[in-house]
Amino acid sequence: MEEMAIGVPTKLLTPKRTSEIIEAQVPSDIIFYRVPIAIPEPEPAPPEPVGNSINAIGGEAPLRKAPELEPSVTRIFGSVSTADIVESIKAVLSASEEGARVVLAPEDININEKESEDLGVEADRLKALGEYTIEIRVKGVDPLPRRVVIKAQEADR
């Protein structure tokens, strides 16, 4: 007896239609909640004079430059990867029959931030609270810009 393969006919979406669906259904901000890593703050150093001031002897203290502040980055437990972003987008798209047919992979997400361990940005993952720009790439059409927002989640959630 010969076996017959029974398949479900599926129409593939054109790149243009895929782009239109993503544009219409995926919000401009894709929000994630992560638990921040608490870092104890160092004890503040005693204030030192900045600029011209009179010292105890009566002479002027030399001019000094105010210390430059480094950007404040709050790291998170875990990370938000391009796979997490795709999973979130697919969840939104699955609400419609046509959106459920959109095919996306982590390779289709481009994080548009400069890679920096200090800022919590790697090629395929984000490791700090903040707002990051990404592009959703669909072959044959212009990339679709979106923003990933990582917000603090309470530890007991």
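Two strands count as paired when DSSP finds at least two bridges between them. With that in hand, look at β5 and β6, which are joined by 7 bridges and run antiparallel. Helices here are DSSP runs of H or I with at least four residues, strands are runs of E with at least two, and both are numbered from the N terminus.

A word on what you are looking at. This is a predicted model, in which local features need pLDDT of at least 70 and side-chain atom pairs count only at pLDDT 80 or more, while totals for chains, interfaces and linings use all residues. Residues are numbered from 1 along each chain as its sequence is written, and side-chain values use heavy atoms, leaving out hydrogens and water.

Let's start with the overall plan. The protein has 2 helices and 6 strands, and reading along the sequence gives the pattern α-β-β-α-β-β-β-β. Four of the strands form an open sheet in the order β1-β6-β5-β3, with mixed pairing. Its edge strands are β1 (29-34) and β3 (109-111), each of which pairs on one side only. Neighbouring strands of this sheet are turned by 30° against each other on average, direction ignored; axes here are lines fitted to C-alpha atoms, for helices over the stretch in contact, and angles run from 0 to 180 degrees between N-to-C directions.

Now follow β6 (residues 144-152) along its partners. On the β1 side, the two strands run parallel and 6 bridges join them. Within that pairing, Phe32 has Ile150 as its bridge partner in β6, and Arg34 has Ala152. Glu135 also finds a bridge partner in β6, namely Pro145.

Next come the helices. Helix α1 (residues 15-25) packs on the sheet, where it touches β5 (130-136) and β6, and its direction makes about 35° with that of β6. Contact, here and below, means heavy atoms within 4.5 Å. Helix α2 (residues 82-93) lies across β1, β3, β5 and β6, and runs at about 120° to β1.

Which residues of α1 are buried? They are Thr18, Ser19, Ile21 and Ile22, where buried means under 20% relative accessible area, exposed means over 50%, and partly exposed is in between (1.4 Å probe, protein chains only). Seen down the axis of α1, these buried residues fall within an arc of 160°, so they line one face of the helix; the arc is that of the directions from the helix axis to the C-beta atoms. That face packs against α2, β5 and β6, whereas Lys16 and Ala24 are exposed on the other side of α1.

Leaving aside neighbours within four places in sequence, Thr18 is in contact with Leu13, Val102 and Val138. Val138 sits in the loop between β5 and β6 and is buried too, with a relative accessible area of 12%. Not counting residues up to four places away in sequence, Val138 touches Pro15, Thr18 and Ile22. The C-alpha atoms of Val138 and Asp108 are separated by 6.9 Å, although the two residues are 30 apart along the chain.

Helix α2 can be read in a similar way. At 1.5 Å a residue its 12 residues should span 16 Å, which agrees with its end C-alpha atoms being 16 Å apart; the expected span is 1.5 Å times one less than the number of residues. The buried residues of α2 are Thr82, Ile85, Val86, Ile89 and Leu93. Seen down the helix axis, they fall within an arc of 100°, so they line one face of α2. Their cover includes α1, β1, β2 (75-81), β3, β5 and β6. The face turned away from this buried side carries the exposed residues Glu87 and Ala91.

Finally, step back to the whole protein. Of its 157 residues, 25% count as buried. Among contacts between residues at least 6 apart in sequence, 62% join residues at least 24 apart. The protein exposes about 11600 Å², and carbon and sulfur atoms supply 55% of it; accessible areas come from the Shrake-Rupley method with a 1.4 Å probe, and for residues only the protein chains shown count as cover.
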